[in-house]
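Have the viewer open as you read.

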Amino acid sequence: MLIDILTVAPQMVETALPHSILGRAIDSGIVRIQVHDLHDYAADRHRTTDSPPCGGGGGMVLKPEPIERAIAHASRLSQPDRIILTDPQGVRFDQEAAFEMACLDHLVFICGRYEGVDERVRLTLASHAYSIGDYVLTGGEPAAWVMVDAIVRLLPGALGCAEAPSRDSFADGLLDYPQFTRPRSFRGVGVPDALLDGGHREVESWRRLQQLRRTRALRPDLWARCDITADDVHLLESAAAHRCPQRYTEKEYAGARS
Ligand code: ADE
């Protein structure tokens, strides 16, 4: 996969790239990431990439022409499948979008700036606009980095097989199950018996039950959309009938310690 990232702050992206799975995927040639400094595509000797908003108001707005030139440069070798503007007004980026984009060959990310991007970038240059959440960052660089990380880890070979993405939260529309490691007891909380003494099948069904209960308690939006099976219903009903403790409630995540 080839990814081009267009930004006025290339260092913000470059410092994040060599780390973790992304760095490994770059080193092993699974992905090639090219960071383009938009100042290099300015037409004047001051390397201007922004100018004041038409109609007045504070801040500066990213100009469309350097972005157009950078896209043309990034398109020389292969036509991008998607040109994505990072944008708090964009469609919410999620795991499904990450899976969709992981199947493509060439992505271009345009990092917006919080003051604004000339609307003609969205209208005539970008094919998509994505937001990573309902909050405003000072620039789109962290948003591009977040999306690139979520996409690249899905590429074949990017993760070791022990970390297969099919086991991820959201991969089947449910949250992930809780994980434990040593010690057996920490601050009075023990590792669940099923994980210590259970056979493979017991561990699997304990984990599935936790996924179902967590998702139902914490993310009613996901719960309403996920496809649960007859086995899942049976698992939930028999856990309720046997009064299995529901340890992972919304309260635990939202500040039980406060
Ligand atoms: N730029 C600024 N805030 C953003 C957000 N939440 N998502 C994507 N791009 C952004």
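## Helix α8

A helix's expected span is 1.5 Å times one less than its number of residues. With that in hand, take α8 in this predicted model: it covers residues 200–218, which makes 19 residues. From first C-alpha to last, α8 reaches 27 Å, close to the 27 Å expected.

Which residues of α8 are buried? They are V203, W206, L209, Q210, Q211, L212, R213, R214, T215 and L218.

## The largest core

Now for the inside. The largest nonpolar core has 32 residues, and I3, F93, F109 and I151 touch the most other members. The elements giving two or more residues to this core are β1 (2–7), α2 (20–27), α4 (95–102), β6 (106–110) and α6 (141–152). Of these, α6 supplies the largest share, with seven residues.

Setting aside neighbours within four places in sequence, F109 is in contact with I3, D4, I5, L6, I84, A144, M147, V148 and I151.

D176 sits in the loop between α6 and β8 (185–186). Is D176 buried or partly exposed? Its relative accessibility is 22%, so D176 counts as partly exposed; the cut-off for buried is under 20%.

D176 also brings us back to α8. D176 and Q211 are 35 residues apart in sequence, yet their C-alphas are 5.7 Å apart in space. Q211 is one of the buried residues of α8.

Key. Residues numbered from 1 in each chain as written. Predicted model: local features only at pLDDT ≥ 70, side-chain atom pairs only at ≥ 80, totals over all residues. Heavy atoms only, no water. Helix = DSSP H or I, 4+ residues; strand = E, 2+ residues; numbered from the N terminus. Buried < 20%, exposed > 50% of the residue type's maximum accessible area, 1.4 Å probe, protein only. Core = buried A, V, L, I, M, F, W, Y, C linked by side-chain atoms within 4.5 Å. Contact = heavy atoms within 4.5 Å.
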